[in-house]
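Here is a short tour for anyone meeting this chain for the first time. Have the 3D view open and follow along.

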Amino acid sequence: MDYMSHEVVKLLADLVKIESTNVGKYEKEIGDFVAAWMERETGLPVVKDEFEPGRFNVVCKLEGEIHDPAFVSIHHMDVVPSGDGWDTEPFKPVIKDNRMYGRGTGDMKAGLACGMLSFRDMVKLGKKPKRDIIFIATADEEGNIMKGAMQAIKSGYATKNSYALDHEPTSGKIYMAHKGKTWFKVTVQGAQAHGSMPWMGIDAIVGISEVVLGIKRRIDVLPTDETFGQSSVCFGTIQGGFNTNVVADSASITLDMRLAPPLTSEGSLELVDEAIKEACEKVPGLKGSYEVIAKRPYILHNDESVLLKNLQECIKEVTGNYAETEVFTGYTDTGVIAAETGNTEGMSYGPAGMNYHQTNEYVDLDSVLEVYEVSKKIVYRMGYEVD
């Protein structure tokens with residue numbers, strides 16, 4: 001198949017060529033591209049909704065009779081850094097068989113391309129929808145706080161009532177429920193001493209090791225939820241000490257905790273606090289503290305969702321089958337909308353691929369074409385047909 005003859009694949013390739021790494025080059029160049037494309041293709045006003053100098057969401061609205069709830073098509077522009085070890089150039093998209101390789105092909109520039117085109121297609125119909133249809137290309141989805149989604153809420157584009165859909169890579173499944181997350185930085189303070197006389201100091205590295213083990217033990221004994229699975233923890237970074245022959249007087253770790261019932265956001269704080277206190281008991285004189293880098297609760301599935309029902313019908317029309325529903329272990333822009341506003345009408349549906357946040361990321365182009373067809377149908381249905 002000549003995939004590049006399809007507009008959505010060509011647009012995907014154009015998006016991948018623009019490096020929008022977070023951290024790195026960030027989103028200004030791709031934001032300018034998306035904004036210019038939207039202005040040219042729709043003729044509608046485009047807002048660059050800035051939350052930091054040079055960092056902004058791109059917003060375009062097709063106004064309907066009903067302003068809230070609107071249908072919100074929301075997709076992020078940023079990607080994680082490329083890393084080393086690629087078989088191809090990460091920002092030079094390559095098609096092999098039915099796959100396009102490149103950083104961000106799946107997560108989530110394929111979804112962004114589908115969202116851009118399906119919104120454009122609604123504008124080209126030339127008629128006023130029943131409700132507002134809002135396209136948002138967000139920045140900082142890959143960041144700790146997800147500032148783009150927060151800005152969409154602050155500016156009133158996404159509300160508690162919105163029907164919010166993103167095209168994150170879900171392999172054709174629907175993710176509505178999300179595991180919660182709490183990200184921490186834990187720091188312990190000890191006392192410096194000569195390495196030949198460690199008993200004269202308080203070894204902060206031993207102390208932080210006890211914290212790590214204490215957190216891991218507590219996570220591992222938590223019950224497994226039938227829907228969400230088990231809570232988990234990743235210890236992302238560790239720092240401490242400054243020479244081999246000196247007892248470290250301070251050490252710190254950062255950690256990513258994903259929450260499944262019964263572990264709540266508040267419970268995650270208690271768990272870390274308990275682990276620090278236990279470490280301080282095991283290492284006399286040690287002092288410890290933590291700060292929360294990011295915190296989101298888990299999001300429950302809503303079987304009564306209007307958007308879910310209609311999305312399933314659109315998927316069946318295109319594929320012949322209803323989509324499976326699963327829990328998202330990560331966190332998305334629609335998850336932030338749910339967490340911050342109490343929205344129960346947000347979800348993810350997108351293409352298949354592999355190696356997101358890893359080398360040799362790719363997206364399945366047949367699934368991209370499929371998602372684009374579904375995207376057009378659901379935007380039309382929610383904008384023009386559903387009261």
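What follows goes from the overall picture to a few local details.

## Before we start

This is a predicted model, so a few cut-offs apply: local features need pLDDT of at least 70 and side-chain atom pairs count only at pLDDT 80 or more, while totals for chains, interfaces and linings use all residues. Residues are numbered from 1 along each chain as its sequence is written, and side-chain values use heavy atoms, with hydrogens and water left out.

## The whole chain

Let's begin with the big picture. The chain has nine helices and 18 strands; helices (H or I, at least four residues) and strands (E, at least two) are DSSP runs, numbered from the N terminus. Its C-alpha trace spans about 80 × 45 × 40 Å along the principal axes.

How much of the chain is buried? Of the 387 residues, 53% count as buried. Here buried means under 20% relative accessible area, exposed means over 50%, and partly exposed is in between (1.4 Å probe, protein chains only). The accessible surface comes to about 16,500 Å², and 49% of that belongs to carbon and sulfur atoms. These areas come from the Shrake-Rupley method with a 1.4 Å probe, and for residues only the protein chains shown count as cover.

Among contacts with a separation of 6 or more, 80% come from residues 24 or more positions apart, a contact being heavy atoms within 4.5 Å. As for charge, there are 40 positive and 58 negative side chains, and the centres of the two sets lie 2 Å apart. Lys and Arg count as positive and Asp and Glu as negative, with His and the chain ends not counted; each charge is placed at NZ of Lys, CZ of Arg, CG of Asp or CD of Glu.

## Helix 1 and Leu-15

Now zoom in on helix 1. Seven of its ten residues are buried, so helix 1 is largely enclosed by the rest of the structure. The buried ones are Val-8, Val-9, Leu-11, Leu-12, Ala-13, Leu-15 and Val-16. What do they pack against? Their partners are helix 2 (28-42), strand 4 (94-96), strand 5, helix 3 (105-124), strand 18 and helix 9.

Leu-15 makes a handy example. This residue sits in helix 1 (residues 7-16) and is buried, with a relative accessible area of 0%. Beyond its neighbours within four places in sequence, Leu-15 is in contact with Ile-30, Phe-33, Val-34, Lys-109, Leu-112, Ala-113 and Met-116. Take Ala-113: 98 residues separate it from Leu-15 in sequence, yet the two are 7.8 Å apart in space, C-alpha to C-alpha.

## Aromatic pairs

The count comes to six aromatic pairs. Tyr-101 and Tyr-362 form one that is tilted, at 5.3 Å centre to centre and 50 degrees between the planes. This pair links distant parts of the chain: Tyr-101 is in strand 5 (residues 99-101) and Tyr-362 in strand 18 (residues 362-364), 261 residues apart. Tyr-101 is buried at 14% relative accessible area, and Tyr-362 is buried too, at 12%.

Tyr-380 and Tyr-384 are stacked, because their ring centres are 4.8 Å apart and their planes are at 15 degrees. The rule pairs rings of Phe, Tyr and Trp (its six-membered ring) if their centres lie within 6.5 Å; planes under 30 degrees apart count as stacked, over 60 as edge-to-face and the rest as tilted. Both tyrosines lie in helix 9 (residues 365-385), four residues apart, or about one turn of the helix. Buried or partly exposed? Tyr-380 is partly exposed at 27%, whereas Tyr-384 is buried at 9%.

Where are the cis peptide bonds? One runs from Asn-22 to Val-23, with omega near 10 degrees, and Val-23 lies in the loop between helix 1 and helix 2. Another joins Asp-107 and Met-108, with omega about -10 degrees; Met-108 lies in helix 3.

Positive phi values also turn up in residues other than glycine, including Asp-97, near 55 degrees. Asp-97 is in the loop between strand 4 and strand 5 and is exposed, at 72% relative accessibility. His-357 has a phi near 65 degrees; its place is the loop between strand 17 (353-354) and strand 18, and His-357 is partly exposed at 44%.
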